[in-house]
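Thanks for coming, everyone. Let me put the complex on the screen and walk through a few places in it.

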Amino acid sequence: MRDKNAETMQKYHNDFLREVEANVEEGDWVHMCMQCGVCAGSCPLGDAWEHSPQKIFMMIRAGKREEVLTSDSMWMCTSCYNCIVRCPRELPITHIMHGLANYAHRLGIAPKMNPTRRFAKLFWNNIVKTGRVNELKLSISLYFMDGFTNGVKTSLEMTGMGLGMLKTGRLDAMGLLRSHGIKDKSGLHKALKKAREIEDARKGLS
Amino acid sequence: MSDEKKTAAYICKGCGLGDRLDCTELTTIAEKEGKAEIVREHEFLCNADGVAMIQKDIDEGANRIIINACSRRAKTEAFNFENVAMTRANLREGVIWSQPDTDDARETTQEMAADYVRMACAEIKFMSIPEENPEHGSNKRLLVVGGGISGMTSAIEAARAGYEVILVEKTGTLGGMAAQLYKRVPDHEDYADPQDTGVPEMIAEIGADGLITVKLDSTITRTSGAPGQFSVDITKESGVTETENVGAIIQASGFTNYDANNLPHLGYGKSPDVVDQAGLEALARAADGGAIKRPSDGKEVTSVAFIQCAGQRSSKKGELSYCSGHCCNTSIKQAMYFKDANPDVDATIIYTDLRTPGNGEDFYRSAQKKRVIFTKGEVSEVTTSGDELEVKFNDLILNEDTAMNADLVVLATGQVPNSGVNIEAATPVSVDEVEAAAEADESRINTEVDTGTVQEVSVLNLTYRQGKDLPHLRHGFSDSHFICFPYETRRTGIYTTGPVRRPMDIAQAKEDATGAALKAIQAIENSSLGRAAHPRSGDLSYPDFRKENCTQCKRCTVECPFGAIDETEDGYPLFNESRCRRCGTCMGACPVRIISFANYSVDTVGAQLKAVDMPDEFDEKPRMLVLACENDAYPAIDMAGMNGKRYSPYVRIVPVRCLGSVNTIWISDAMNSGYDMVMLMGCKHGDDYQCHFVKGSELANIRMSKIGDTLQTLNLEPERVVDYEVAITDIDRIPQLINDAAEIIENIGMNPFKGF
Amino acid sequence: MTDIVATNETILVVGGGISGMTAAIEAAECGKDVILVEKAPSLGGRVSQLYKYFPKLCFPTCGLEINQRRMKANKNLHILTLSEVTNIAGDSGNFTATVKTAPRYVNENCTACGACGDAVTAEVDNPFNYNLDKIKAAYLPHNMAHPQRYVIDPSIIGTDEAEKAKTACKYDAIDLDMQETTMDLNVGAIVWATGWKPYDAAKIQPYGYDRFDNVITSVEFERMMDAFGPTGGKLLRPSDGKEAKNIAFIQCAGSRDRNHLTHCSRICCMASLKQTTYLTEQYGDDEEAKASIYYIDIRAIDRFEDFYQKVQDDPKVSFIKSKVANITLDEESGNPVLHGVDTEGYHRYSNPHDLVVLAIGMTPNVDISEIASGVSTDSSGFIQVNVDNGGIFAAGCASNALDVNRSVQSATAATLHSIQVVNKVSAAEA
Amino acid sequence: MAKEYSFYPGCSSERRASASNYMVSVESMCDTLDIKLNEIPDWNCCGASIGYAEGGELPRHVMNARNMALSEEASPGQDIIATCAACWLGTKETSERLRGSDALMADTNEALKEAGLQVKADQEVRHMVEALIEDLGYDELAKPVTKPLEGIKIAGYVGCQTNRPFGIVGESFENPKYLDKLVETVGAEPVEAYDQKVTCCGGALAFSEPDKSQVLIKKIIESAYDHGAEMIVTPCPVCQLNVEVYQGMINKKYNTKFNIPVMYYSQLMAVAYGSSAKEAGLNGNVVRSKKLEEIAAK
């Protein structure tokens, strides 16, 4: 794909907006925002955002491509859908945030160390592998995401919780060993591969 | 009609009046003091039987009727008699409901009632039955001045109702500003796209309508007369003048675009690629749906920026302080010109508040759907960089100074009303002010004028004493009562419509112009019957004037809020009854008391206040006189009674048409008669005046400020005459003011003139 | 009641608020025969429930008095209260309108002396005060009620209370056997002026109108200022009767919102700006008195801009460019807490206020499609004025969200349109 | 008459997974109510709320569409019921998008063809709570109650995803009342003043942004205590997990003493219907509810 960062984005022209519309899930709603800010106020992790959704929409319209795509703001989305149900213009804000995160991630310019980005990647790989979540494997890989030492620390912190889950039969200690998942893994893999191909082609990401 | 007076007084004993009052005494008063030929008591005067009793007396010749019962505001449907003069003594709301039902209060309550009966009897002696104004005209043709959307609409709508119209347009074509547009903002569902202006269709309808005569290239060079009988000179560009007679006039003189040359910081005049909204319409019409090209080099515009509120909503000198209302929608429409022709053109609208009320919101959303970009920002400057323009602004959302490039910049400038000469800018409103100004050697300057924007060319060239055009209110827009009665101008029979009244868009102008046509038709119909227009609609009384005693002081001609009175060459007032709104301001102004109405005069009120039985100084029963505006103060006093609010029994209340009608002789008469205080209660005046006769309460206030001298010569304390601004909602406050007055009297003592 | 004579040269005006009254009076003063139908027991409509008008801060009852005087003086005008038009058949120039009249139980003998009200002890919700207080079940709707005649609430019919009222009346004005009546009127043209109603605030769930006592609507706030309102003219908040000094105004409550009303209700910005002046009126320079306006765009168009500028100069008033996200309750203080983000520069807030006033949106009062066919309405249910509705003309807020001035303008225009129809009829018959 | 649904249990409901006790209680509840659940054969993960980042748009929909296709094959004509909020939301979202876009439908089927499947999206996707309330109704749900949970004050924590953006018909996004009504139905006392019923628990970000999420969870628990609740009830496995298992960590961090049971609605119902503690999955709770266990033991 073209290196769009190298191009000068014309400020307040539609260049970046068009890119978002073409490539970001539900991105063709961005131009409908009227800057009321209800989304910004509705987000449970609003404090943690550098840029609220409404501000991100304005930044897109102002052509601030790099600032938007490298932002960790949309990675703070908990998928609570408060913004969607309150938006007076019915923008699917949650999905746009997801879409922007995904697009930035696929472009490789999303913040590298963002924990949600890394968790999401682990999660997807985890489910795709067998078709179902392996919660233990997922937890362990999450703990060890930042290297072995940190991992031990995290897992120690989490021990109380893990033990509780084990004791109540809600965590499978043998889950690392047990065979797991759906029967038609290959069918799923093939379908997902195809889906990815189609999507990449549509978005010019291949 | 025979003018033999036969007075009948009726005393109602219903609603507790019979229990609380000694009605036999009241009957005696009406007979003995009031000299009523017929006096009857009735248990329930407003019922069918009571009304029939009165009607029977009328049928047998009674023509001066005194109803001693409830307020004149109550049971009007019952006490509704034709061809009689009638007055009503307010014994219910004004006496028994405002006084406690106690043994202690019985005596003073009865005194109040007795006085009100005396007052009514005294008043009726001076009342005659109003007959229609004999000077009325009955020309039913309308003159519409201005051939833009508003004027064309008025003409079409009036003609559709069957009225003849002369439509005068100063240019060579009809259509006005709207004809210069490529398209207009939509006025119907789904409010999504610009629509055709409809101007050619309107012009065609006017051309085909036999009732409408169009005069192009013409202006009004003289207007005289009154509703039903205006005489108008219509002068062609060539200088040829025709005189036409019309019954009513609609001024639809429209607006001028604000001069964007005042905005060099926004690039206007510096680059041909900075245009105002009118300029953009011209470019769009040239493109006719194709790509819009920029003026400098004819390049197809690929990016355009709209700057809202250019030279508007501004406190800067030479700019407009108001909002022109339509410009947000207009910029949205213009951005769509670009987007509809080519979605790849970038169109950005920079605004501070996007003002698209009502269904404009749908239009706003539609523009967003078309990917017009909206940015909340304040523009500081437009500069040229290469062949592109740079718009520098503060993005209020992103909170940063920034800039964008554009091929073309459109300034959303405002509407400046073509409202003619600001006749009040340098003209005093009262003779007293003339004197004051002469003393202070400065004339009253209207500070609200937006310098540089006032049109100094007269539109109507009225021959009226008070000036060539209609008075303005603020920012050069024509004066009207604005909220409840927006069409009521201060020149009877002349209605303004469209952006000369307030800034407006096409949809509103069409509606407004339709309403103005209705009002003009109504004025014609009323004047042909010799009746008053709003707010005393249907009133047949009109000012009568005894020329032989006139001192040519000009007070009446200067002070009439409606400019109804001209002057003859030898300086006498020339009443135009059909222009008169019957407020009585002239009557209040006249120092020699020679102006009167059949049923309202210096005598009708003077007789009332003198009829009161004045206790002597040692009775410890002071008397206060309240002259109350009948529209606001008087209803408030009624409602105080209805709600059991108590006030001093020493007050006597006389309703007046407007405080403007209060003649200072009433004040001196009251003082001479021994009243301890006189209270005037009228409406708020000033910029947000609430007086339905616009200037009445203000003029009363000016007159009363002068009365101190008179009091001094009489050796009386200035506190004895007070002037209050009250509202119809002052149901608690007015009783309080009355009670406070009783206290003031205690402090300053009784009027020494008592008993003389 | 006098017999109503209606012909196809008669104009029927439906709705007795400011628009309907204006249309009826203007037409009658042009010499036309007019029948004015009002659902409530007295005329005046919603404006009579307002404390003040913007931008002049004058009192609606002042104009109402003038209009009532004009009506009292005009013999061409017949008023039917407690009446509704339930069906319209026929065409322009020849309509049959079905009018249903509910019993008042009080006839024209009534002198408004108040004896029945004194006799009755039962109380009912007071619709004039948006049911925020109670009124005697025999009542005069309000001080300026026209016709000035009492009403017996149907809820006491058949009870001793009704008998008490009847016994108290010396003038034979109470008729407890009155029944609902229906009549068909032949009319030539119809002005439809049924007005608006406030959008159902409970539907705006994030603001908790149904959950928090101290969240009220702008129309209710107006009643609080009236000396005859539910709080006797004081700004006392509902939860605990405490003086409300720190007041939030939330704009676009229901309006400009695809979850509620898609249109902008036009008046609400001005209404809130006006209401901020009530704080000065109540509290003078008291520094605790504060008004905060939470807005998206302040729509003070044309000459109203002056008023906006004046309010901006008031140090008591602050403006926050934000659609409030939601309201929570601080249980200890009873204060509603507003959460959101000021989007001018992105400032997050959680602001407690004594009282929250929702600048509630306007929605049409009556769905005309249930009464007459062929009348075109827009997506918000307002009657479109620029289309051929065949002899039925919308006036005021039946046609759009309008302020008083615009309603009067609209009504005056509708009057001419109705006159055009009846003039055509009379020309044809002449 | 027995109700029959196609059933999508979801990963967390699997044996030895985080919501296995939810599943146990659902089974007991459905037994009592004569509801037959036909598990979708070979169902896969829905992608959950976090799947978007790596998975993107179409792959995510394909995940859900595969389940839908399998359901359409196995249980044609039946509504799909999910017990997990995320499963329900993800599947319903995909279903709505497919119905709304022919292009997406075509792309999805092109991908599914690789697995030999085809989706029509002709089944309604519903949450278990919806089925209970709409198809049976509160009255019907009250009938089998043999051990009313008298005197227990329970805060209904609805959370996000069963509530937004779709929600339960007739309920408000800001103040849904169905849990309160269910609590009433089983004879317990709803804490109606509970003001955090729709506060987000952080969802998947409880893992990746634990500190930020725990602030939210703390609020949710604190308010339950403040309003006198002895127990929290929820319809969502993620909510249940987050609100229950982080109590210890929050106590450490904020010096609180949280120890409040967080139950599924189905557990309350199972107990009220007479199931044993085990049948109601009570042994699966990290914070045990003595009161419920006592009632179950009666």
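Domain bounds here come from an automatic or database domain assignment. On that basis, chain A splits into domain 1 (15-107) and domain 2 (115-203). The C-alpha centres of domain 1 and domain 2 of chain A are 27 Å apart.

Some ground rules. This is a predicted model, so local features need pLDDT of at least 70 and side-chain atom pairs count only at pLDDT 80 or more, while totals for chains, interfaces and linings use all residues. Residues are numbered from 1 along each chain as its sequence is written, and chains are lettered from A and ligands numbered from 1 in the order in which they are written.

Next, chain A against chain D. Contact means C-beta atoms, placed from the backbone, within 7 Å. Chain A gives 52 residues and chain D gives 50 residues. On the side of chain A, α11(A) makes the largest share, with 10 residues. Helices are DSSP runs of H or I, at least four residues; strands are runs of E, at least two; both are numbered from the N terminus. By class, this side of chain A has 25 nonpolar, 13 polar and 14 charged residues. Nonpolar covers Ala, Val, Leu, Ile, Met, Phe, Trp, Tyr, Cys and Pro; charged covers Asp, Glu, Lys and Arg; the others, Gly among them, are polar.

Now chain C against chain B. Here 63 residues come from chain C and 72 residues from chain B. On the chain C side, α8(C) has the largest share, 13 residues. That side counts 24 nonpolar, 23 polar and 16 charged residues.

Stay with chain B. Is strand β29 (residues 651-656) of chain B buried or exposed? Buried means 20 or more other C-beta atoms within 10 Å of a residue's own, exposed means 12 or fewer, and partly exposed is in between; C-beta atoms are placed from the backbone. Six of the six residues of β29(B) are buried, so the strand is largely enclosed by the rest of the structure. B:V651, B:I653 and B:P655 point one way, and B:R652, B:V654 and B:V656 point the other. Strand β28 (residues 624-629) of chain B runs parallel to β29(B), joined by six bridges. B:C629 has B:V656 as its bridge partner.

Last stop, D:A86. This residue sits in helix α4 (residues 85-100) of chain D. D:A86 is buried, with 27 other C-beta atoms within 10 Å. D:C46 is 40 residues away in sequence, but 7.7 Å away in space, C-alpha to C-alpha.

Notes: Pairing = 2+ DSSP bridges. Contact = placed C-beta atoms within 7 Å.
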